[in-house]
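Reader: I have a new structure to read. Where should I begin?

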Amino acid sequence: MCMVVAMSASAQKTTFVNGAEIGMAYDAALAALKAELGEPAKAAAGEVEFANKTYQGMKFEKIVYFFSNNKLSGARFYAASPSKAVAVKNMETLANKLQSYKVARDTEDDGTPFYKGGESPVSYEHLFTIYTQKVGPKFMAILRYGPFEI
């Protein structure tokens with residue numbers, strides 16, 4: 001089971017994404033991610049990718065963790081959908097499941113909703129954004145953490 005936990009510790013916020021802390025060194029983050037998710041589909045210094053994982057009851061075809069300066073700086077969760085309407089519904093379902101992070105709804109210029117919530121571990125911005133995007137022939141509901149400047 002994938003799990004995202006955000007918690008505050010004194011003046012600095014500590015944020016974990018599937019067992020790896022934002023700002024954690026690559027080797028330590030990779031070990032934590034493997035312990036939580038199993039073996040990655042791909043692993044390189046700048047990215048670690050997992051395939052077909054479940055988070056909050058939703059299947060994600062791809063989850064990618066990004067590293068900057070050898071530290072975990074963000075993540076993207078991609079849930080494929082056959083249409084934009086289904087991607088929007090999946091995005092809304094995920095936003096509802098993440099309400100403990102005080103998720104706010106907003107709209108794109110074309111009227112498509114998107115969501116943002118939580119608190120960034122390094123600034124006063126949001127921890128994550130949930131939005132839809134067409135990638136090739138599929139529409140995706142995407143949960144994005146960061147990128148954070150570490």
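Author: Begin with overall size. The radius of gyration is taken over C-alpha atoms, and the globule rule is 2.2 Å times the number of residues to the power 0.38. This is a predicted model, in which local features need pLDDT of at least 70, side-chain atom pairs count only at pLDDT 80 or more, and totals for chains, interfaces and linings use all residues. Residues are numbered from 1 along each chain as its sequence is written, and side-chain values use heavy atoms, with hydrogens and water left out.

Reader: What does the rule give for the 150 residues here?

Author: A compact globule with 150 residues would have a radius of gyration near 15 Å. The protein has 15 Å, which agrees. Its C-alpha trace spans about 40 × 35 × 25 Å along the principal axes.

Reader: How do I read burial, and what share of the residues is buried?

Author: Buried means under 20% relative accessible area, exposed over 50%, and partly exposed in between (1.4 Å probe, protein chains only). In this protein, 43% of the 150 residues are buried.

Reader: Which elements make up the secondary structure?

Author: Helices (H or I, at least four residues) and strands (E, at least two) are DSSP runs, numbered from the N terminus. Here there are two helices and eleven strands. From the N terminus, the order is β-β-β-α-β-β-β-β-α-β-β-β-β.

Reader: How do strands join into a sheet, and what is the strand order here?

Author: Two strands pair if DSSP finds at least two bridges between them. Eight strands form an open sheet with antiparallel pairing, in the order β4-β5-β6-β7-β11-β10-β9-β8. β4 (42–43) and β8 (104–107) stand at the edges, each with a single partner strand, so one side of each has no neighbour in the sheet.

Reader: Which strands does β11 pair with?

Author: Take β7 (residues 71–81) first. Seven bridges join β7 to β11 (residues 138–145), and the two run antiparallel. Ser81 has Phe139 in β11 as its bridge partner. Then take β10, which pairs with β11 in the antiparallel sense over eight bridges. There, Phe128 stands opposite Tyr145 in β11. β10 and β11 also form a hairpin, with two residues between them. Gly136 in that turn has a positive phi of about 65 degrees.

Reader: What lies opposite Thr129 in β10?

Author: Look at both neighbouring strands. β9 (residues 113–117) pairs with β10 in the antiparallel sense over three bridges. Lys116 stands opposite Thr129 in β10. In β11, the bridge partner of Thr129 is Arg144.

Reader: Which residues is Thr132 in contact with?

Author: Contact means heavy atoms within 4.5 Å. Leaving aside neighbours within four places in sequence, Thr132 is in contact with Lys84, Ala87, Val88, Met91, Thr112 and Met140. For the whole protein, consider contacts with a separation of 6 or more: residues 24 or more positions apart account for 42% of them.
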